[in-house]
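Subject: Structure handover

Hi,

Here is the structure I promised to pass on. Please open it first, then read the notes below.

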2 protein chains.
Amino acid sequence: MTRRVRTPGSLDPRAQSILRAVIEEYVESATPVGSAALVQRYRLGVSSATVRNILADLESAGLLTHPHTSAGRVPTDAGYRYFVESVAETSILSPVEQLMIRHQFGQVQHASEQWFRLAATILASANRTAAIATPAKPRAAHVRRIDLVSINERLASLIIVFREGALRQVLVNLNEPAEQEDLTRAAVILDGLMAGRTAVDAERALTRIEAVGPIGALVQHVGARVVAAVRDYDASAIEEVFSDGLLNVMEAPEFDRSDKLRRVFAALENRSYLGRLFESIAGTGRVQAFIGAENGPEEMRDVSLVLASYGEPGRAVGVVGVLGPTRMAYPQAIGTVRFVSGLMNELVSHIA
Amino acid sequence: MTRRVRTPGSLDPRAQSILRAVIEEYVESATPVGSAALVQRYRLGVSSATVRNILADLESAGLLTHPHTSAGRVPTDAGYRYFVESVAETSILSPVEQLMIRHQFGQVQHASEQWFRLAATILASANRTAAIATPAKPRAAHVRRIDLVSINERLASLIIVFREGALRQVLVNLNEPAEQEDLTRAAVILDGLMAGRTAVDAERALTRIEAVGPIGALVQHVGARVVAAVRDYDASAIEEVFSDGLLNVMEAPEFDRSDKLRRVFAALENRSYLGRLFESIAGTGRVQAFIGAENGPEEMRDVSLVLASYGEPGRAVGVVGVLGPTRMAYPQAIGTVRFVSGLMNELVSHIA
DNA sequence: CATTAGCACTCGCCAATCGAGAGTGCTAAC
DNA sequence: GTTAGCACTCTCGATTGGCGAGTGCTAATG
């Protein structure tokens with residue numbers, strides 16, 4: 001019975017096309033697919049018996065399984081993987097879809113901190129899956145601008161704009177009462193001192209300023225808060241993971257019971273794993289798929305992610321991608337993720 | 001059999017305490033509760049037969065139902081309503097819980113735009129339900145500060161700080177190349193012109209400036225964007241609805257099937273209904289419960305919301321609250337929501 | 001020698017059945 | 001008004017049997 005058991009990578013062209021057919025069929029129907037259905041719906045030019053033989057081969061190669069004796073075949077994670085490597089990588093988005101996506105981005109070009117959200121929204125609706133995106137975040141952020149706004153004489157709002165586009169707002173309690181005038185003066189000093197600097201440089205610059213006079217003390221006090229805020233920003237591995245299209249995932253029959261679904265949501269909150277994942281693709285510029293059990297954590301075992309990073313490796317990078325059941329339309333997902341990440345690249349390069 | 005059918009509002013004290021017992025029991029067990037279980041677990045001092053009679057009365061008063069002949073009783077929406085009105089309104093949080101919540105707020109006092117998120121997180125974990133919160137948003141926002149940061153000579157980042165604490169960042173394409181120097185000058189002019197103003201006032205002020213010289217044109221151009229951004233902010237009925245604790249809701253047995261659960265999530269995305277709800281409680285200062293079918297939309301029929309507004313009616317108001325299955329621990333929910341909204345009041349009054 | 005028709009076989013799925021158990025409503029006694 | 005007793009109803013879970021889908025094997029075929 002061990003006829004044409006091959007290592008994946010050297011598969012009969014015919015076997016390959018049948019694997020492909022099984023996957024396409026299964027992705028659509030969500031039910032195990034049998035030999036008869038295959039010959040009927042795909043013009044294979046062979047009988048169901050032959051298909052059965054090949055299916056058996058694919059199974060012993062580990063690319064397909066059997067839920068039980070008298071059921072059709074279901075792709076394994078390895079099957080999807082083979083499919084993704086051999087076929088889906090080259091998938092390109094249709095010009096129509098490209099245009100539609102471009103158009104959607106055009107609508108909100110003025111709100112840069114919303115781009116990544118939009119990317120997730122677009123990916124979710126284009127694939128009818130969930131999608132995630134993070135804002136572009138640098139390893140070590142550079143301060144672009146510091147501003148201080150008086151709230152009352154004892155309280156001020158400190159606003160830090162980063163070169164990479166992000167923004168932080170922090171309330172600062174003032175040791176001494178101060179008017180907006182004083183705050184403005186302090187802000188100008190801090191701005192001159194810290195603009196273009198990272199946390200480390202900003203702190204060093206701050207030590208060179210003497211804390212004399214009311215303004216000097218104010219500068220020191222607020223400056224320390226600036227440094228802390230920048231540090232804090234740097235330290236967060238992922239600043240924020242925005243997700244959209246969760247309702248789409250809920251439609252999938254594999255998640256018809258809530259406990260299955262819960263794991264997907266738990267997965268999204270597993271920031272440490274997502275962080276590692278993002279780390280591993282950051283700057284590669286490639287679209288990568290993480291299929292089912294390839295994901296370490298238990299709760300990720302029946303979802304797949306298709307991710308790509310965007311931004312400039314040296315500077316700020318973020319991640320966009322799609323999250324759905326293992327039974328996912330990978331070519332479509334890979335195509336859209338690649339395109340959207342490319343678009344994000346264009347966008348961030350404009351504000352760099 | 002129509003013995004003591006009363007209009008809700010005038011209920012036997014004994015009947016009342018039995019209704020209460022049914023609700024408490026059902027909230028805990030999620031299964032229909034029978035007469036035997038009641039006499040056993042609550043010291044009622046009467047036999048199960050008596051309890052049965054009273055249960056029948058409560059049922060004909062519309063406060064309880066029967067899933068089927070041989071099942072125990074389940075509260076109706078009207079039953080919960082009666083319970084909430086008569087008993088739960090007075091519920092107060094234990095000092096320990098108060099302290100714990102206060103403590104959690106203390107941890108992040110410096111990030112004012114995160115308060116509402118924290119409120120939702122705290123409510124979710126305190127009640128083991130989902131929770132929602134919106135940032136405080138004014139009807140007509142006042143500009144507090146305008147800032148312009150150069151990105152390149154053709155592109156600038158416009159930052160608007162509102163008196164109410166919110167922040168907006170908008171990219172502005174420049175018609176003429178401009179250095180940071182020019183931008184700073186323009187920002188100072190706009191700041192002087194618009195600080196303390198609403199959208200309408202800001203626009204009027206802008207017309208009094210002549211668009212002469214490079215700076216004049218720049219001020220006009222950016223000023224128009226400021227007005228548009230403020231208008232845009234004003235127009236959004238709800239700026240953002242943050243939700244947390246969705247995983248808690250997924251634990252509830254009534255949502256064990258994903259299609260049930262989907263309606264909850266869909267409910268959260270029904271911004272128009274939430275908007276109306278928020279509208280109706282804004283500024284009342286009271287905690288209000290919306291129980292099951294009291295909610296209009298189909299998808300809300302088996303969830304309840306316990307909401308309260310915070311902030312100052314004349315100025316900015318936001319909403320915090322809890323969202324869970326109709327089978328909810330209302331006293332606890334009402335207690336925590338009341339307390340948290342009070343806390344939010346304190347917090348925003350500091351930065352007003 | 002690959003392909004194919006034929007066929008026995010295996011299981012999951014579904015509907016029907018059944019008994020147990022829970023809880024009710026009613027009646028009659030207290 | 002309360003309560004014991006009891007017949008009745010209905011869900012739930014387990015069990016069973018038939019159906020059908022789909023397989024794997026064998027033997028025939030070009």
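First, a term: helices (H or I, at least four residues) and strands (E, at least two) are DSSP runs, numbered from the N terminus. This is a predicted model, so local features need pLDDT of at least 70, side-chain atom pairs count only at pLDDT 80 or more, and totals for chains, interfaces and linings use all residues. Residues are numbered from 1 along each chain as its sequence is written, while chains are lettered from A and ligands numbered from 1 in the order in which they are written.

**DNA strand C**

A residue is near a strand if its C-beta atom, placed from the backbone, lies within 6 Å of it. Around DNA strand C there are 21 residues. Val46(A), Thr50(A), Ser70(A), Gly34(B) and Ser70(B) come nearest. Three helices each supply at least two residues of this surface: H3 (48-60) of chain A, plus H2 (35-41) and H3 (48-60) of chain B. Which element gives the most to the surface near DNA strand C? It is H3(B), with four residues.

For classes, Ala, Val, Leu, Ile, Met, Phe, Trp, Tyr, Cys and Pro count as nonpolar; Asp, Glu, Lys and Arg count as charged; the others, Gly among them, are polar. The surface near DNA strand C then has nine nonpolar, 10 polar and two charged residues.

**DNA strand D**

DNA strand D is surrounded by 21 residues. The closest are Gly34(A), Ser70(A), Thr50(B), Thr69(B) and Ser70(B). By class, the surface near DNA strand D has nine nonpolar, 10 polar and two charged residues.

**The two chains**

Two residues are in contact if their C-beta atoms, placed from the backbone, lie within 7 Å. On that basis, 31 residues of chain B are in contact with 30 residues of chain A. Elements of chain B that give two or more residues to this side include strand S5 (143-152), helix H11 (258-269) and helix H13 (330-351). By class, the side of chain B that touches chain A has 17 nonpolar, seven polar and seven charged residues.

Copies are superposed by least squares on the C-alpha atoms of residues with pLDDT of at least 70 in both. A rotation of 180° with 0.0 Å of shift along its axis puts chain B on chain A (RMSD 0.1 Å). That is the relation of a two-fold axis. The copies meet through the same surface, because 97% of the interface residues of chain B are also interface residues in chain A.

**Some local details**

A residue is buried if 20 or more other C-beta atoms lie within 10 Å of its own, exposed if 12 or fewer, and partly exposed in between; C-beta atoms are placed from the backbone. Of the 12 residues of H5(A), one is buried, so H5(A) lies largely in the open.

Ala30(A) sits in the loop between helix H1 (13-29) and H2 of chain A. Its phi is near 65°, a positive value in a residue other than glycine. Ala30(A) is partly exposed, with 14 other C-beta atoms within 10 Å.

Where is Glu254(A)? It lies in the loop between helix H10 (246-251) and helix H11 (258-269) of chain A. Leaving aside neighbours within four places in sequence, Glu254(A) is in contact with residues including Ala30(A) and Arg327(A). The C-alpha atoms of Glu254(A) and Arg327(A) are separated by 8.9 Å, though the two are 73 residues apart along the chain.

Best wishes
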